[in-house]
Every structure is written in structure tokens, then in C-alpha cells.
Amino acid sequence: MRGRRGDIERGRCVPRDIVDGLVSAGLYRATVPQRFGGDGRPLSVSLRQIERISAVDPSVGWVASFAPQGANYFGALSPDRLAEIYADGPDVVGAGGLFPLQPAERVPGGLRINGRWKFGSGSLAADWISVGVIVPGDEGATPPPRLIVLPAEKVDIVPNWETVGLSGTGSHDLVVRDVVMAEDWSFVRGGAPQSDDVICRFPAMALAACAFAVVGLGAARGALDAAIDVAAGKTSITGGPRLADKAYVQHAIAKAEAALGAARAFLYEQVDGAWAAVEAGREVSPRDRMALRLAANHASRAGVEVAQAAFAAVGTTAIFLDNPIQQFLRDALVVNQHAFLGEANYEAGGRMLLGLPPSPGFP
């Protein structure tokens, strides 16, 4: 995969054979409940896999991040539909685009779906694709974000993903034309789960934020490792000492390593604590969900800061397009732009810490 990083970026998608490799490695079954043939592993196991993948190619890691998200989101479907999704086994590849929400028309047989959605990451290799709809009766000033799950062959993909980072995620537009699906294929994002499995009862919004944040951590790890390799071997064109022998480089690398380790520890501590609560049959408290969101936000920003430090430490070497550090930095920056990791989450978390009512939709 490392040798194909340039091709993935230029091709604007993760090729099917690489997704098949993720499937073969067990990524998509890792958190799927054992009753469907999955491994039923703790969430942090899957997140660590995604982080390691992202240290090689963050675009592949981003697509992989939808594996635990799918296992979590699908838990809001009816038991019959959930069984149908896993009828052929647990290695189900899901993708989707939520916004802009499109009105669904209630017709005989279910809901008629028409519309176009953005940010369909990984849809080119998906088995099932979810899109955001407004179902009759859900209308209002702020309709709940409802998703409906469709077989991938019912969705057209418009290749238009041109970005400065995470270019290989294939987050193209999705188009659906006059497709009718039974209404119980829809669910409210973050709504009450209809299954009692641990992964299904984990707070959905917090899970998604953490799954995205570990991609940024992986990008930071990749950038820092690349900078260490460069610094250990690079001598100045002016005849000066190696980068590794310069005090400011030593200082920058050490600080970046510490910052990355601290961010990882905070995030995985919160994830494991919340998982233990759900596994014990308890709900994750609002304060603990808030801590998950803050840990994800912090990890995302730490990823950017570490990648920036790696970029700065090696000087002009990092500016060339054949150097992976610049790509890791661009990818980390785009991870940090996601709405689930936005600055508003700090305000919302601060409100809760100060005993004020939480912001709508948080945590």
C-alpha cells in the first residue's frame, strides 16, 4: 500500500483490491457482533487498526474508518434489516453521504428516493450506501438527520472529488433516481439502537468523531516517522551537520512525539472507559460522551500540530511532492476540517463543564 500512495491520490479513490485487502485482514468484521459472524472486538482494537493504516495512507484509513461506524449505525435498523445486511457474512463494506438532506416521498411499498448528496467517501467499493432524507412527518425547522440504506447498485456516483488532502478517499457525489425502499430501511442518525450489541449501543456521534480523529493521529505518526528518517540521514547542502545533530530538530521531534503520545492516550482512555460502561449494561453519561468528543477534537488538532512540526523540522526536503511529509500534513489538515471535529465542539464542551445546558445535538 505504501508504494501505491501516489496512485491512490492521483486516482481520487481507494482501489477495490485494497478494500478487499482490508476485508481479508478482518477490519470490517472486527466490531461486528459475533451473532452475525463478526469478531465483536472492543472499539479501540478497530480504531488502532485504522490509525496504523492511516500512518501509511490516511485516505485508506479514512475509508477504513467507516467499518466501525457502519457496525454502529446499522444497529438502529430493525432486527430483520440488520440480519439482511449481514446475511452473506460480517464483511460488509458500507459508505454514504448524509447532506444535503433530500425529501423522500411516501408511496406504496415505502419511500421514493431522489436526490444528490456530497461526501460519499469510499462509495466506489461499498456494498451498501446510506443517504440523508427527510421523511414525511419529520419536517420542521431542524428535521432529524435520517439515513436510508440502499444497495450500492441503486446509487450512481459522480466523480468530482478534487481536494488538497484526503484526495484518495473517493468522496464523490451520490445520485439516486426514483428508487423505492421500504421505510424500515431508514433510521435516525444517533437514534436509539434496536439491537443490544455493545457496538450498537456505543454513542454514535462520539464513535464517528473518534474514528475520524484516529486518521489524523495516523497521519501525524506517518509524518513524524518520515521526518525522523530524513533527519537521520540528511546533511546540509552548505556542508553543515546532519539535521539529527541539530538541537532545534532534536527539540522539535521530542516535543512532537510527546504531544502525539498524550493525544493518543487521552482518546483511547475515553474510548475504553465508555466501551466498558456499555459492556456492563450502563449508558454512557452525557459528561463521558462530552469527554469522548473533546478527546477526538484534541486528537485531530494534535495530528495537525505534529505533522506541521515534522514538516518544519526537515526544511525544504518536505516541500517536494515526492516527499510523503507534505501529503501527511495535507491529509491531517483535511481531517481537522470535518464538522464532527469543529471548533464549536469546544464551546459545547465548555458549556457542559460550566454547568450550562448543552448545545443542540451535543454530545
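Which residues does Ile 157 touch, not counting residues up to four places away in sequence? Keep that in mind while we set up, and you will find out at the first stop.

**Before you start**

This is a predicted model, in which local features need pLDDT of at least 70 and side-chain atom pairs count only at pLDDT 80 or more, while totals for chains, interfaces and linings use all residues. Residues are numbered from 1 along each chain as its sequence is written, and side-chain values use heavy atoms, with hydrogens and water left out. Helices (H or I, at least four residues) and strands (E, at least two) are DSSP runs, numbered from the N terminus.

**Stop 1: Ile 157**

Select Ile 157, which sits in strand S6 (residues 156–158). Leaving out residues up to four places away in sequence, Ile 157 touches Ser 123, Leu 124, His 172, Asp 173 and Leu 174. Contact here means heavy atoms within 4.5 Å. Ile 157 is partly exposed, because its relative accessible area is 25%. The scale calls a residue buried under 20% relative accessible area, exposed over 50%, and partly exposed in between (1.4 Å probe, protein chains only).

**Stop 2: the open sheet**

Next, show S1, S4, S5 and S8. These 4 strands form an open sheet in the order S1-S4-S5-S8, with mixed pairing. At the edges are S1 and strand S8 (186–188), each of which pairs on one side only. On average, neighbouring strands of this sheet are turned by 30° against each other, direction ignored. Those angles are taken between axes, which are lines fitted to C-alpha atoms (for helices over the stretch in contact), and run from 0 to 180 degrees between N-to-C directions.

Two strands count as paired if DSSP finds at least two bridges between them. Start with S1 and strand S4 (residues 128–134), which pair in the parallel sense over 6 bridges. Across that pairing, Gly 97 stands opposite Val 131 in S4. Then move on to strand S5 (residues 146–151): it runs antiparallel to S4, and 6 bridges join the two. Here you can pick out Trp 128, which stands opposite Pro 151 in S5.

Stay with strand S1 (residues 94–103) for a moment. It is mostly covered, with 7 of its 10 residues buried. Zoom in on Pro 100, also in S1. The peptide bond leading from Phe 99 to Pro 100 is cis, with omega near -5°.

**Stop 3: two helices side by side**

Select helix H5 (residues 66–73) and helix H8 (residues 204–233), whose axes come within 9 Å and cross at roughly 170°. H5 and H8 are therefore roughly antiparallel to each other. For such angles, under 35 degrees counts as roughly parallel, over 145 as roughly antiparallel, 65 to 115 as roughly perpendicular and the rest as oblique. To see the contact, show Phe 66, Pro 68, Gln 69, Asn 72 and Tyr 73 of H5 with Ala 204, Leu 207, Ala 208, Ala 211 and Phe 212 of H8. Of the residues in this contact, 8 are nonpolar, 2 are polar and none is charged. (Ala, Val, Leu, Ile, Met, Phe, Trp, Tyr, Cys and Pro count as nonpolar, Asp, Glu, Lys and Arg as charged, and the others, Gly among them, as polar.)

Follow H8 along its length: its 30 residues reach 45 Å from first C-alpha to last, close to the 44 Å expected at 1.5 Å a residue. That expected span is 1.5 Å times one less than the number of residues. H8 is mostly covered, with 24 of its 30 residues buried.

**Stop 4: Ser 78**

Go back to H5 and look in the loop between H5 and helix H6 (79–85), where you will find Ser 78. Ser 78 counts as buried because its relative accessibility is 14%. Aside from neighbours within four places in sequence, Ser 78 is in contact with Asp 184 and Gln 194.

**Stop 5: some backbone details**

Most residues other than glycine have a negative phi, and most peptide bonds are trans. Select Phe 119 in strand S3 (residues 110–120); its phi is positive, about 60°, although it is not a glycine. Is Phe 119 buried or exposed? At 51% relative accessibility, Phe 119 counts as exposed.

Leu 166, in the loop between S6 and strand S7 (172–181), also has a positive phi, near 50°. Leu 166 is buried, with a relative accessible area of 3%.

The peptide bond from Phe 362 to Pro 363 is cis, with omega near 5°.
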